[in-house]
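This briefing goes through one protein chain, from its overall dimensions down to single residues. Please keep the sequence and the model open while reading.

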Amino acid sequence: MNKLLIVGTVAFDAIETPFGKTDKILGGAATYIGLSASFFNLQSAIVSVVGDDFPQEHLDLLTSKNIDISGIEIVKGGKTFFWSGLYHNDLNSRDTLVTELNVLADFQPKVPQSFKDADVVMLGNLHPLVQSSVLDQMEKKPKLVVLDTMNFWMDCALPELLDVIKRVDVITINDEEARQLSGEYSLVKAAAKIQDMGPKYVVIKKGEHGALLFHNREVFFAPALPLEEVFDPTGAGDTFAGGFSGFIAQSENISFGNMKNAIIYGSNLASFCVEKFGTERMETLSKAEVAIRLQQFKSLTQFDIEI
């Protein structure tokens, strides 16, 4: 089986949307990526850090999904990273209420020996120096390195971010971040500038409006599935990344044509994530449900036209 190495936060979230609110629940980029990637036939491992306040039941959940957790460091006496956010009525904008780095502040990632030869590395949203440190520990060059980042790192760690961007094959960011990173308003121009920074492929996420994939002068667009109810968009981007990287790792096909399929698989899984708070929907999701909705995606985008 092929190997996927996932780096990112395993955390607590407290979320409020127009549909309700939660106390501290399971969250974190690596958690969503791992749960999403578990739908593919591969070996995956998470590299992260938590405090000893992190419940064993959450670790057992990851293990039950065949995710290797030997790379999750548990700091005795430490507190787990915590984020709290309030979503506005449109669910596209939010206010961060609380960010407590806790054990994440001094995180030194340690890649398990058995995953230093991973085929695909998914660098979840973290400090660019942490992302670079993981690449430094790989004993074999991965077939594909995917990086997710955000405007926070563009504001406070841009030189370090540009250094790690040079080392990756795919970058996934949203449209606002693409514009900030490139200085271009047109997403086509923005993607071209970002490709010049290093990545061969640029994925620009547009939330409920789908995702764009750029490679050289080729462009592919995948819509988001129109949903009757969206309860909580937290983790949707990470779930997308897990589906994208998981499909690529399973298929071993790193081509623009196959990346189109990976975008659809990622969008498909992300459409489930938003249906309930936190990781709740991803924990109970079945492969049969994924297959049925994948057919809906196909129907949504397939048409015959005479030219």
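In which loop does lysine 200 lie? Lysine 200 belongs to the loop between α7 (187–196) and β12. The model is a predicted one.

**Whole chain**

- The chain's secondary structure amounts to 11 helices and 14 strands.
- Its radius of gyration is 18 Å, close to the 19 Å that the globule rule gives for 307 residues, so the chain is as compact as a globular protein of that length.
- The C-alpha trace spans about 65 × 45 × 40 Å along its principal axes.
- Buried residues make up 54% of the 307 in the chain.
- The chain exposes about 14,000 Å², and 50% of this area is supplied by carbon and sulfur atoms.
- Taking contacts between residues at least 6 apart in sequence, 64% join residues at least 24 apart.

- Strands β13 (residues 211–215) and β14 run antiparallel and are joined by 5 bridges. Within this pairing, leucine 213 stands opposite phenylalanine 220 of β14.
- Strands β1 and β5 run parallel, with 5 bridges between them. Here leucine 5 stands opposite alanine 45 in β5.
- Strands β5 and β6 also run parallel, joined by 7 bridges. Serine 44 has isoleucine 67 in β6 as its bridge partner.
- Of the 9 residues of β5, 8 are buried, so this strand is largely enclosed by the rest of the structure.

- Together, β5, α2 and β6 form a right-handed β-α-β unit.
- In helix α3 (residues 128–137), the buried residues are Pro128, Val130, Gln131, Ser132, Val134 and Leu135. They pack against the strands β1, β9 and β10 and against the helices α4 (151–156) and α5 (158–165).

**Lysine 200**

- With a relative accessible area of 46%, lysine 200 is partly exposed, because that value falls between the 20% and 50% cut-offs.
- Neighbours within four places in sequence left aside, lysine 200 is in contact with Asp169, Gln195, Phe214, His215 and Asn216.
- Lysine 200 and glycine 85 are 115 residues apart in sequence, and their C-alpha atoms are 33 Å apart in space.

**Serine 267**

- Serine 267 sits in helix α9 (residues 256–273).
- Is serine 267 buried or exposed? Its relative accessible area is 10%, and serine 267 is therefore buried, as the limit is under 20%.
- Apart from neighbours within four places in sequence, serine 267 is in contact with Ala222, Pro223, Phe240 and Phe297.

- Most residues other than glycine have a negative phi. Two residues are listed here for a positive value.
- Asparagine 102 is not a glycine, yet has a positive phi of about 50°. Asparagine 102 is found in the loop between β8 (94–100) and β9 (120–123). At 28% relative accessibility, asparagine 102 is partly exposed.
- Glutamate 252, also not a glycine, has a positive phi of about 60°. The position of glutamate 252 is in the loop between α8 (236–251) and α9.

Definitions and conventions. Residues numbered from 1 in each chain as written. Predicted model: local features only at pLDDT ≥ 70, side-chain atom pairs only at ≥ 80, totals over all residues. Heavy atoms only, no water. Helix = DSSP H or I, 4+ residues; strand = E, 2+ residues; numbered from the N terminus. Buried < 20%, exposed > 50% of the residue type's maximum accessible area, 1.4 Å probe, protein only. Contact = heavy atoms within 4.5 Å. Pairing = 2+ DSSP bridges. Rg over C-alpha atoms; globule rule 2.2 N^0.38 Å. Areas by Shrake-Rupley, 256 points an atom, 1.4 Å probe, with all protein chains shown as cover. Right-handed = clockwise from strand over helix to strand, strands pointing away.
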